[in-house]
Amino acid sequence: MQRAHLEWPFFEAHHRKLAQELQAWAAQNLAPHHLQDVDEPLRDGVSSMHQVDETCRKLVRALGEAGWTRYAVGGRDYGGVFESIDTRAVCLIRETLAYHQGLADFAFAMQGLGSGAITLHGTPEQKARYLSQVAQGHLIPAFALSEPEAGSDVGAMTTEARPEGHTYVLNGQKTWISNGGIADFYVVFARAPGSQGSRGISAFVVEADAPGLKIAQRLEVMAPHPLATLHFENCRIARSQLLGTEGQGFKIAMQTLDIFRTSVAAAALGFARRALDEALHRATHRKMFGQTLADFQLTQARLAQMATQVDAAALLTYRAAWLRDQGRQVTQEAAMAKLFATENAQQVIDAALQLWGGLGVTRGQVVESLYREIRALRIYEGASEVQQLIIARELLKAYRTEGVTA
Ligand SMILES: Cc1cc2nc3c(=O)[nH]c(=O)nc-3n(C[C@H](O)[C@H](O)[C@H](O)COP(=O)(O)OP(=O)(O)OC[C@H]3O[C@@H](n4cnc5c(N)ncnc54)[C@H](O)[C@@H]3O)c2cc1C
(Lines give C-alpha, C1' and ligand atoms only; values in the text may rest on other atoms or scores of the structure.)
Protein backbone atom coordinates (compact mmCIF):
# COMPACT_ATOMS: atom_id res chain seq x y z
CA MET A 1 0.00 0.00 0.00
CA GLN A 2 1.49 3.34 -1.04
CA ARG A 3 1.75 5.85 1.78
CA ALA A 4 3.02 8.82 -0.28
CA HIS A 5 -0.12 10.82 0.48
CA LEU A 6 0.84 10.89 4.16
CA GLU A 7 3.40 13.55 3.15
CA TRP A 8 0.57 15.89 2.16
CA PRO A 9 0.15 19.01 4.32
CA PHE A 10 -3.30 17.92 5.52
CA PHE A 11 -1.69 15.71 8.17
CA GLU A 12 0.14 16.24 11.43
CA ALA A 13 2.89 14.02 12.82
CA HIS A 14 0.44 12.05 14.98
CA HIS A 15 -1.67 11.21 11.92
CA ARG A 16 1.34 9.79 10.09
CA LYS A 17 2.30 7.74 13.13
CA LEU A 18 -1.27 6.44 13.50
CA ALA A 19 -1.46 5.39 9.84
CA GLN A 20 1.86 3.55 9.99
CA GLU A 21 1.01 1.74 13.23
CA LEU A 22 -2.44 0.74 12.02
CA GLN A 23 -1.04 -0.47 8.70
CA ALA A 24 1.33 -2.80 10.59
CA TRP A 25 -1.46 -3.98 12.93
CA ALA A 26 -3.90 -4.62 10.07
CA ALA A 27 -1.36 -6.57 8.03
CA GLN A 28 -0.71 -8.79 11.02
CA ASN A 29 -4.20 -9.16 12.52
CA LEU A 30 -6.80 -9.03 9.77
CA ALA A 31 -7.76 -11.87 7.49
CA PRO A 32 -7.36 -10.50 3.97
CA HIS A 33 -10.40 -9.57 1.91
CA HIS A 34 -10.62 -12.86 0.08
CA LEU A 35 -10.17 -14.90 3.24
CA GLN A 36 -12.79 -13.21 5.38
CA ASP A 37 -14.30 -16.21 7.05
CA VAL A 38 -17.74 -14.86 6.21
CA ASP A 39 -17.33 -15.39 2.50
CA GLU A 40 -17.89 -19.08 2.16
CA PRO A 41 -20.98 -19.58 4.36
CA LEU A 42 -22.82 -16.77 2.54
CA ARG A 43 -24.55 -19.50 0.60
CA ASP A 44 -26.36 -21.08 3.49
CA GLY A 45 -28.68 -18.56 5.11
CA VAL A 46 -28.85 -18.84 8.85
CA SER A 47 -25.39 -20.14 9.60
CA SER A 48 -23.86 -17.43 7.39
CA MET A 49 -25.51 -14.69 9.42
CA HIS A 50 -24.39 -16.30 12.60
CA GLN A 51 -20.85 -16.37 11.34
CA VAL A 52 -20.95 -12.76 10.13
CA ASP A 53 -22.26 -11.73 13.56
CA GLU A 54 -19.52 -13.61 15.36
CA THR A 55 -16.79 -12.26 13.10
CA CYS A 56 -18.10 -8.75 13.64
CA ARG A 57 -18.17 -9.11 17.41
CA LYS A 58 -14.60 -10.44 17.35
CA LEU A 59 -13.48 -7.58 15.16
CA VAL A 60 -15.00 -4.97 17.48
CA ARG A 61 -13.24 -6.58 20.45
CA ALA A 62 -9.92 -6.75 18.60
CA LEU A 63 -10.21 -3.13 17.40
CA GLY A 64 -11.07 -2.13 20.97
CA GLU A 65 -8.18 -4.00 22.57
CA ALA A 66 -5.75 -2.44 20.11
CA GLY A 67 -7.13 1.02 20.94
CA TRP A 68 -8.40 1.92 17.45
CA THR A 69 -12.07 2.31 18.47
CA ARG A 70 -11.05 5.08 20.86
CA TYR A 71 -10.78 7.26 17.75
CA ALA A 72 -14.48 6.63 17.00
CA VAL A 73 -15.73 8.61 20.03
CA GLY A 74 -15.11 12.14 21.27
CA GLY A 75 -14.20 13.14 24.84
CA ARG A 76 -11.10 12.09 26.76
CA ASP A 77 -13.14 11.52 29.92
CA TYR A 78 -15.15 8.91 28.03
CA GLY A 79 -12.36 6.92 26.44
CA GLY A 80 -11.85 9.07 23.33
CA VAL A 81 -8.32 9.87 22.13
CA PHE A 82 -9.28 13.52 21.57
CA GLU A 83 -11.89 15.90 23.00
CA SER A 84 -13.81 15.81 19.74
CA ILE A 85 -13.70 13.32 16.89
CA ASP A 86 -10.64 13.90 14.69
CA THR A 87 -11.93 13.46 11.14
CA ARG A 88 -8.49 12.92 9.59
CA ALA A 89 -7.73 10.13 12.08
CA VAL A 90 -11.11 8.47 11.42
CA CYS A 91 -10.51 8.74 7.65
CA LEU A 92 -7.01 7.28 7.84
CA ILE A 93 -8.30 4.40 9.94
CA ARG A 94 -11.17 3.66 7.56
CA GLU A 95 -8.93 3.91 4.50
CA THR A 96 -6.40 1.50 6.01
CA LEU A 97 -8.96 -1.00 7.31
CA ALA A 98 -10.90 -0.98 4.03
CA TYR A 99 -7.65 -1.67 2.17
CA HIS A 100 -7.24 -4.84 4.23
CA GLN A 101 -10.77 -6.02 5.02
CA GLY A 102 -14.23 -4.61 4.41
CA LEU A 103 -15.81 -6.03 7.52
CA ALA A 104 -13.11 -4.53 9.75
CA ASP A 105 -13.83 -1.12 8.25
CA PHE A 106 -17.54 -1.68 8.83
CA ALA A 107 -16.98 -2.69 12.47
CA PHE A 108 -14.88 0.41 13.17
CA ALA A 109 -17.18 2.80 11.29
CA MET A 110 -20.27 1.60 13.15
CA GLN A 111 -18.66 2.19 16.55
CA GLY A 112 -18.49 5.83 15.45
CA LEU A 113 -21.76 6.23 13.54
CA GLY A 114 -23.76 4.33 16.16
CA SER A 115 -22.47 6.43 19.05
CA GLY A 116 -21.89 9.74 17.21
CA ALA A 117 -25.15 11.28 18.45
CA ILE A 118 -24.09 10.55 22.05
CA THR A 119 -20.66 12.13 21.47
CA LEU A 120 -22.41 15.22 20.09
CA HIS A 121 -25.48 15.53 22.33
CA GLY A 122 -25.24 13.07 25.22
CA THR A 123 -25.47 14.20 28.84
CA PRO A 124 -22.43 13.39 31.02
CA GLU A 125 -24.45 10.43 32.40
CA GLN A 126 -25.28 9.11 28.93
CA LYS A 127 -21.69 9.51 27.82
CA ALA A 128 -20.37 7.74 30.91
CA ARG A 129 -22.83 4.87 30.44
CA TYR A 130 -22.28 4.26 26.75
CA LEU A 131 -19.27 6.03 25.22
CA SER A 132 -16.46 4.60 27.34
CA GLN A 133 -17.61 1.08 26.59
CA VAL A 134 -17.98 1.79 22.88
CA ALA A 135 -14.46 3.24 22.88
CA GLN A 136 -13.13 0.01 24.37
CA GLY A 137 -15.09 -2.24 22.01
CA HIS A 138 -17.20 -3.62 24.86
CA LEU A 139 -20.53 -2.27 23.59
CA ILE A 140 -21.76 -2.32 19.98
CA PRO A 141 -23.96 0.60 18.89
CA ALA A 142 -26.26 1.15 15.90
CA PHE A 143 -27.83 4.15 14.15
CA ALA A 144 -31.52 3.63 13.36
CA LEU A 145 -32.83 6.35 11.04
CA SER A 146 -34.10 4.68 7.83
CA GLU A 147 -37.55 3.19 7.40
CA PRO A 148 -39.19 1.22 4.58
CA GLU A 149 -40.89 4.40 3.31
CA ALA A 150 -38.26 6.87 4.48
CA GLY A 151 -34.73 6.37 3.12
CA SER A 152 -33.43 9.38 1.21
CA ASP A 153 -36.55 11.26 2.37
CA VAL A 154 -35.83 11.18 6.12
CA GLY A 155 -38.68 13.58 6.88
CA ALA A 156 -41.19 10.93 5.75
CA MET A 157 -40.46 8.75 8.79
CA THR A 158 -43.49 7.53 10.70
CA THR A 159 -42.01 5.85 13.80
CA GLU A 160 -43.64 7.59 16.76
CA ALA A 161 -42.44 8.37 20.25
CA ARG A 162 -45.38 9.22 22.54
CA PRO A 163 -44.54 10.89 25.85
CA GLU A 164 -46.28 9.13 28.75
CA GLY A 165 -45.45 10.10 32.32
CA HIS A 166 -41.73 9.54 32.89
CA THR A 167 -41.44 7.48 29.73
CA TYR A 168 -41.68 7.53 25.95
CA VAL A 169 -43.55 4.80 24.11
CA LEU A 170 -42.13 3.94 20.67
CA ASN A 171 -44.11 2.35 17.83
CA GLY A 172 -42.95 1.79 14.26
CA GLN A 173 -40.35 0.19 12.09
CA LYS A 174 -36.73 0.85 11.12
CA THR A 175 -34.91 -0.95 8.33
CA TRP A 176 -31.43 -1.37 6.82
CA ILE A 177 -30.01 -0.96 10.29
CA SER A 178 -26.33 -1.90 10.32
CA ASN A 179 -25.38 -3.91 13.40
CA GLY A 180 -29.08 -4.78 13.71
CA GLY A 181 -29.20 -8.02 15.66
CA ILE A 182 -25.79 -7.67 17.34
CA ALA A 183 -26.02 -4.12 18.70
CA ASP A 184 -26.20 -3.55 22.46
CA PHE A 185 -28.07 -0.29 21.89
CA TYR A 186 -29.67 1.68 19.07
CA VAL A 187 -29.82 5.44 18.58
CA VAL A 188 -33.37 5.65 17.27
CA PHE A 189 -35.04 8.61 15.57
CA ALA A 190 -38.79 8.95 16.06
CA ARG A 191 -41.36 11.71 15.80
CA ALA A 192 -43.86 13.25 18.19
CA PRO A 193 -47.45 12.21 17.45
CA GLY A 194 -49.03 14.54 14.88
CA SER A 195 -45.74 16.14 13.79
CA GLN A 196 -44.66 16.26 10.15
CA GLY A 197 -41.52 16.54 8.00
CA SER A 198 -38.23 17.18 9.76
CA ARG A 199 -40.00 18.89 12.68
CA GLY A 200 -40.92 16.97 15.78
CA ILE A 201 -38.26 14.28 15.37
CA SER A 202 -36.28 13.34 18.48
CA ALA A 203 -33.36 10.98 19.12
CA PHE A 204 -33.37 8.26 21.78
CA VAL A 205 -31.00 5.62 23.06
CA VAL A 206 -32.86 2.30 23.10
CA GLU A 207 -31.10 -0.66 24.65
CA ALA A 208 -31.35 -3.92 22.72
CA ASP A 209 -33.25 -5.68 25.50
CA ALA A 210 -35.91 -2.95 25.85
CA PRO A 211 -39.35 -4.63 26.02
CA GLY A 212 -41.22 -4.08 22.75
CA LEU A 213 -38.10 -3.90 20.56
CA LYS A 214 -37.84 -6.88 18.24
CA ILE A 215 -35.51 -7.85 15.42
CA ALA A 216 -38.22 -8.43 12.81
CA GLN A 217 -35.97 -9.59 9.99
CA ARG A 218 -32.31 -10.10 9.23
CA LEU A 219 -31.24 -8.84 5.80
CA GLU A 220 -28.62 -10.49 3.62
CA VAL A 221 -26.64 -8.24 1.30
CA MET A 222 -23.96 -8.80 -1.35
CA ALA A 223 -21.13 -7.83 1.02
CA PRO A 224 -22.29 -9.59 4.20
CA HIS A 225 -22.54 -7.65 7.41
CA PRO A 226 -25.09 -7.56 10.25
CA LEU A 227 -28.19 -5.76 8.99
CA ALA A 228 -31.78 -5.91 10.19
CA THR A 229 -35.29 -4.53 10.28
CA LEU A 230 -36.42 -3.50 13.78
CA HIS A 231 -39.98 -3.41 15.11
CA PHE A 232 -41.04 -1.21 17.98
CA GLU A 233 -44.33 -2.22 19.55
CA ASN A 234 -45.22 -0.18 22.61
CA CYS A 235 -41.52 -0.09 23.39
CA ARG A 236 -41.29 1.89 26.62
CA ILE A 237 -38.09 3.73 27.51
CA ALA A 238 -37.22 6.16 30.30
CA ARG A 239 -37.29 9.91 29.59
CA SER A 240 -33.60 9.98 30.47
CA GLN A 241 -32.92 8.11 27.18
CA LEU A 242 -33.74 11.24 25.13
CA LEU A 243 -30.67 12.72 23.40
CA GLY A 244 -30.53 16.52 23.35
CA THR A 245 -33.95 18.12 23.54
CA GLU A 246 -37.29 17.13 22.05
CA GLY A 247 -37.55 18.06 18.37
CA GLN A 248 -33.78 18.21 17.85
CA GLY A 249 -33.62 14.75 16.24
CA PHE A 250 -33.35 15.76 12.59
CA LYS A 251 -30.48 18.12 13.39
CA ILE A 252 -28.77 15.44 15.49
CA ALA A 253 -29.06 12.88 12.68
CA MET A 254 -27.65 15.31 10.09
CA GLN A 255 -24.79 16.40 12.38
CA THR A 256 -23.88 12.76 13.01
CA LEU A 257 -23.94 11.97 9.29
CA ASP A 258 -21.86 15.11 8.65
CA ILE A 259 -18.99 13.71 10.72
CA PHE A 260 -19.01 10.35 9.03
CA ARG A 261 -19.85 11.25 5.41
CA THR A 262 -16.23 12.12 4.67
CA SER A 263 -15.16 8.83 6.20
CA VAL A 264 -17.32 6.91 3.71
CA ALA A 265 -15.17 8.54 1.03
CA ALA A 266 -12.08 7.35 2.92
CA ALA A 267 -13.36 3.77 2.99
CA ALA A 268 -14.03 3.93 -0.77
CA LEU A 269 -10.50 5.22 -1.19
CA GLY A 270 -9.11 2.23 0.73
CA PHE A 271 -11.03 -0.19 -1.49
CA ALA A 272 -9.86 1.64 -4.64
CA ARG A 273 -6.24 1.74 -3.52
CA ARG A 274 -6.36 -2.00 -2.91
CA ALA A 275 -7.88 -2.55 -6.36
CA LEU A 276 -5.09 -0.52 -7.96
CA ASP A 277 -2.45 -2.60 -6.17
CA GLU A 278 -4.18 -5.80 -7.25
CA ALA A 279 -4.31 -4.50 -10.84
CA LEU A 280 -0.60 -3.63 -10.84
CA HIS A 281 0.25 -7.05 -9.48
CA ARG A 282 -1.80 -8.91 -12.08
CA ALA A 283 -0.72 -6.72 -14.99
CA THR A 284 2.98 -7.20 -14.25
CA HIS A 285 2.67 -10.97 -13.73
CA ARG A 286 0.20 -12.09 -16.41
CA LYS A 287 2.07 -13.32 -19.49
CA MET A 288 0.39 -13.02 -22.89
CA PHE A 289 1.42 -12.58 -26.51
CA GLY A 290 5.08 -12.90 -25.55
CA GLN A 291 5.05 -10.09 -22.97
CA THR A 292 3.13 -9.09 -19.86
CA LEU A 293 -0.28 -7.47 -19.69
CA ALA A 294 1.40 -4.33 -18.30
CA ASP A 295 3.47 -3.92 -21.48
CA PHE A 296 0.42 -3.03 -23.56
CA GLN A 297 -0.33 0.67 -23.89
CA LEU A 298 -4.04 -0.01 -23.47
CA THR A 299 -3.25 -1.45 -20.04
CA GLN A 300 -1.01 1.49 -19.21
CA ALA A 301 -3.77 3.93 -20.11
CA ARG A 302 -6.15 2.06 -17.83
CA LEU A 303 -3.64 2.03 -14.94
CA ALA A 304 -2.94 5.75 -15.41
CA GLN A 305 -6.64 6.50 -15.27
CA MET A 306 -7.07 4.41 -12.11
CA ALA A 307 -4.12 6.05 -10.33
CA THR A 308 -5.41 9.52 -11.20
CA GLN A 309 -8.89 8.67 -9.90
CA VAL A 310 -7.39 7.36 -6.65
CA ASP A 311 -5.27 10.46 -6.09
CA ALA A 312 -8.11 12.85 -6.93
CA ALA A 313 -10.39 11.01 -4.50
CA ALA A 314 -7.72 11.18 -1.80
CA LEU A 315 -7.27 14.92 -2.32
CA LEU A 316 -11.01 15.60 -2.02
CA THR A 317 -11.35 13.30 0.99
CA TYR A 318 -8.51 14.72 3.03
CA ARG A 319 -9.36 18.29 2.06
CA ALA A 320 -12.82 17.79 3.57
CA ALA A 321 -11.38 16.03 6.64
CA TRP A 322 -8.77 18.73 7.21
CA LEU A 323 -11.29 21.57 6.80
CA ARG A 324 -13.65 19.89 9.26
CA ASP A 325 -10.84 19.54 11.80
CA GLN A 326 -10.24 23.31 11.44
CA GLY A 327 -13.81 23.81 12.66
CA ARG A 328 -15.16 24.73 9.22
CA GLN A 329 -18.54 23.70 7.89
CA VAL A 330 -17.88 21.16 5.13
CA THR A 331 -21.32 20.41 3.72
CA GLN A 332 -20.21 20.89 0.14
CA GLU A 333 -16.69 19.49 0.49
CA ALA A 334 -17.87 16.33 2.28
CA ALA A 335 -20.56 15.76 -0.35
CA MET A 336 -17.99 16.19 -3.16
CA ALA A 337 -15.62 13.75 -1.42
CA LYS A 338 -18.29 11.10 -0.91
CA LEU A 339 -19.72 11.45 -4.42
CA PHE A 340 -16.38 11.40 -6.20
CA ALA A 341 -14.59 8.80 -4.07
CA THR A 342 -17.41 6.24 -4.11
CA GLU A 343 -18.32 6.62 -7.79
CA ASN A 344 -14.67 6.49 -8.86
CA ALA A 345 -13.80 3.59 -6.55
CA GLN A 346 -16.53 1.62 -8.31
CA GLN A 347 -14.84 2.39 -11.68
CA VAL A 348 -11.34 1.64 -10.39
CA ILE A 349 -12.45 -1.70 -8.96
CA ASP A 350 -14.27 -2.59 -12.16
CA ALA A 351 -11.13 -1.80 -14.17
CA ALA A 352 -9.02 -3.94 -11.82
CA LEU A 353 -11.46 -6.81 -12.17
CA GLN A 354 -11.29 -6.51 -15.98
CA LEU A 355 -7.48 -6.82 -15.82
CA TRP A 356 -7.87 -10.00 -13.80
CA GLY A 357 -9.97 -11.54 -16.58
CA GLY A 358 -11.94 -14.67 -15.72
CA LEU A 359 -10.19 -14.96 -12.39
CA GLY A 360 -11.64 -11.58 -11.44
CA VAL A 361 -15.18 -12.87 -11.20
CA THR A 362 -14.18 -15.97 -9.25
CA ARG A 363 -15.22 -16.17 -5.63
CA GLY A 364 -12.23 -15.99 -3.35
CA GLN A 365 -10.39 -13.33 -5.39
CA VAL A 366 -9.70 -9.96 -3.77
CA VAL A 367 -11.10 -7.99 -6.72
CA GLU A 368 -14.32 -10.01 -6.64
CA SER A 369 -14.75 -9.21 -2.97
CA LEU A 370 -13.98 -5.49 -3.56
CA TYR A 371 -16.56 -5.44 -6.36
CA ARG A 372 -19.25 -6.45 -3.87
CA GLU A 373 -17.93 -4.30 -1.01
CA ILE A 374 -18.01 -0.98 -2.83
CA ARG A 375 -21.56 -1.01 -4.17
CA ALA A 376 -23.52 -0.01 -1.09
CA LEU A 377 -21.30 3.01 -0.41
CA ARG A 378 -22.90 4.82 -3.34
CA ILE A 379 -26.29 4.40 -1.64
CA TYR A 380 -26.01 4.73 2.13
CA GLU A 381 -25.42 7.90 4.14
CA GLY A 382 -26.91 9.83 1.23
CA ALA A 383 -27.03 8.31 -2.27
CA SER A 384 -24.88 9.89 -4.99
CA GLU A 385 -27.87 11.81 -6.36
CA VAL A 386 -28.49 13.31 -2.91
CA GLN A 387 -24.82 14.40 -2.77
CA GLN A 388 -25.20 16.03 -6.20
CA LEU A 389 -28.21 17.98 -4.97
CA ILE A 390 -26.31 19.12 -1.87
CA ILE A 391 -23.33 20.29 -3.93
CA ALA A 392 -25.54 22.16 -6.39
CA ARG A 393 -27.56 23.76 -3.57
CA GLU A 394 -24.40 25.04 -1.85
CA LEU A 395 -22.95 26.22 -5.14
CA LEU A 396 -26.07 28.17 -6.06
CA LYS A 397 -26.40 29.60 -2.57
CA ALA A 398 -22.84 30.92 -2.70
CA TYR A 399 -23.29 32.27 -6.22
CA ARG A 400 -26.52 34.04 -5.34
CA THR A 401 -25.05 35.71 -2.26
CA GLU A 402 -21.49 36.33 -3.43
CA GLY A 403 -21.76 36.15 -7.22
CA VAL A 404 -18.57 34.13 -7.60
CA THR A 405 -17.57 30.49 -7.17
CA ALA A 406 -13.90 30.93 -6.21
C1 LIG B 1 -25.71 -1.78 3.31
C2 LIG B 1 -26.57 -0.70 3.89
C3 LIG B 1 -26.41 -0.30 5.21
C4 LIG B 1 -27.24 0.68 5.76
N5 LIG B 1 -27.09 1.02 7.08
C6 LIG B 1 -27.97 1.91 7.63
C7 LIG B 1 -27.92 2.22 9.04
O8 LIG B 1 -27.06 1.72 9.77
N9 LIG B 1 -28.85 3.07 9.55
C10 LIG B 1 -29.80 3.64 8.77
O11 LIG B 1 -30.61 4.39 9.31
N12 LIG B 1 -29.89 3.38 7.44
C13 LIG B 1 -28.99 2.53 6.86
N14 LIG B 1 -29.06 2.24 5.51
C15 LIG B 1 -30.13 2.84 4.71
C16 LIG B 1 -29.62 3.89 3.73
O17 LIG B 1 -29.29 5.06 4.39
C18 LIG B 1 -30.70 4.06 2.67
O19 LIG B 1 -30.69 2.88 1.87
C20 LIG B 1 -30.49 5.28 1.80
O21 LIG B 1 -30.71 6.45 2.52
C22 LIG B 1 -31.38 5.27 0.56
O23 LIG B 1 -32.70 5.05 0.96
P24 LIG B 1 -33.60 3.93 0.21
O25 LIG B 1 -32.83 2.67 0.21
O26 LIG B 1 -34.94 3.95 0.80
O27 LIG B 1 -33.63 4.43 -1.28
P28 LIG B 1 -34.64 5.59 -1.89
O29 LIG B 1 -34.74 6.68 -0.92
O30 LIG B 1 -35.86 4.86 -2.30
O31 LIG B 1 -33.79 6.00 -3.11
C32 LIG B 1 -33.59 5.13 -4.24
C33 LIG B 1 -32.65 5.79 -5.20
O34 LIG B 1 -33.23 6.97 -5.69
C35 LIG B 1 -32.22 7.88 -6.03
N36 LIG B 1 -32.55 9.18 -5.41
C37 LIG B 1 -32.69 9.46 -4.11
N38 LIG B 1 -33.00 10.75 -3.91
C39 LIG B 1 -33.07 11.29 -5.17
C40 LIG B 1 -33.36 12.60 -5.66
N41 LIG B 1 -33.65 13.60 -4.83
N42 LIG B 1 -33.34 12.79 -7.00
C43 LIG B 1 -33.08 11.79 -7.86
N44 LIG B 1 -32.77 10.54 -7.44
C45 LIG B 1 -32.79 10.30 -6.12
C46 LIG B 1 -30.89 7.30 -5.55
O47 LIG B 1 -30.21 6.73 -6.65
C48 LIG B 1 -31.32 6.23 -4.59
O49 LIG B 1 -30.38 5.17 -4.53
C50 LIG B 1 -28.22 1.28 4.95
C51 LIG B 1 -28.35 0.89 3.61
C52 LIG B 1 -27.55 -0.08 3.07
C53 LIG B 1 -27.73 -0.48 1.63
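**Helices and their surroundings**

Mentor: Helix α3 (residues 87–100) and helix α6 (residues 249–285) have axes that come within 7 Å of each other and cross at roughly 35 degrees. The model is a predicted one, in which local features need pLDDT of at least 70 and side-chain atom pairs count only at pLDDT 80 or more, while totals for chains, interfaces and linings use all residues. Residues are numbered from 1 along each chain as its sequence is written, and side-chain values use heavy atoms, with hydrogens and water left out.

Some terms come first. Helices (H or I, at least four residues) and strands (E, at least two) are DSSP runs, numbered from the N terminus. An axis is a line fitted to C-alpha atoms, for helices over the stretch in contact, and angles run from 0 to 180 degrees between N-to-C directions.

The crossing of α3 and α6 is right-handed. Sorted by class, the contact of α3 with α6 holds 11 nonpolar, five polar and five charged residues. Here Ala, Val, Leu, Ile, Met, Phe, Trp, Tyr, Cys and Pro count as nonpolar, Asp, Glu, Lys and Arg as charged, and the others, Gly among them, as polar.

Helix α6 contains Arg-273. The side chain of Arg-273 makes a polar contact with the side chain of Glu-95, at 2.5 Å. A polar contact is a pair of N or O atoms within 3.5 Å; within protein, one must be able to donate a hydrogen and the other to accept it, and residues adjacent in sequence count only if both atoms are side-chain atoms. Arg-273 counts as buried, because its relative accessibility is 7%. Buried means under 20% relative accessible area, exposed means over 50%, and partly exposed lies in between (1.4 Å probe, protein chains only).

A salt bridge is a side-chain nitrogen of Lys or Arg within 4 Å of a carboxyl oxygen of Asp or Glu. Arg-372 is buried, with a relative accessible area of 11%, and Glu-368 is buried as well, at 9%. Elsewhere, salt bridges that share partners join Glu-12, Arg-88 and Asp-325 into one network.

Helix α9 also holds Ile-374. With 0% relative accessibility, Ile-374 counts as buried.

The salt-bridge rule gives a count of 19. Another of these bridges joins Lys-17 and Glu-21, with the closest N and O atoms 3.2 Å apart. Both residues lie in helix α1 (residues 13–29), four residues apart, about one turn of the helix. Lys-17 is exposed, because its relative accessible area is 52%, and Glu-21 is partly exposed, because its value is 41%. A further bridge links Glu-164 with Arg-162, whose closest N and O atoms are 2.8 Å apart. Glu-164 is partly exposed at 32%, and Arg-162 is partly exposed, also with 32% relative accessibility.

Next comes the ligand. Of the 18 residues around the ligand, Phe-143, Ser-146, Ser-152, Trp-176 and Glu-385 come nearest; a residue is near a molecule or strand if one of its heavy atoms lies within 4 Å of it. Phe-143 has a backbone N or O atom 2.7 Å from a nitrogen atom of the ligand. Ser-146 has a side-chain N or O atom 2.7 Å from a nitrogen atom of the ligand. For Ser-152, a side-chain N or O atom lies 2.7 Å from an oxygen atom of the ligand.

Last, the backbone. Most residues other than glycine have a negative phi. Asn-179 is not a glycine, yet its phi is positive, about 75 degrees. Asn-179 sits in the loop between β3 (167–178) and β4 (185–191) and counts as buried, because its relative accessibility is 3%. Asn-234 likewise has a positive phi, near 45 degrees, in a residue other than glycine. Asn-234 belongs to strand β7 (residues 227–238) and is partly exposed, with a relative accessible area of 48%.

How values were computed. A crossing is left-handed if the near helix is turned anticlockwise from the far one by less than a right angle, and right-handed if clockwise.
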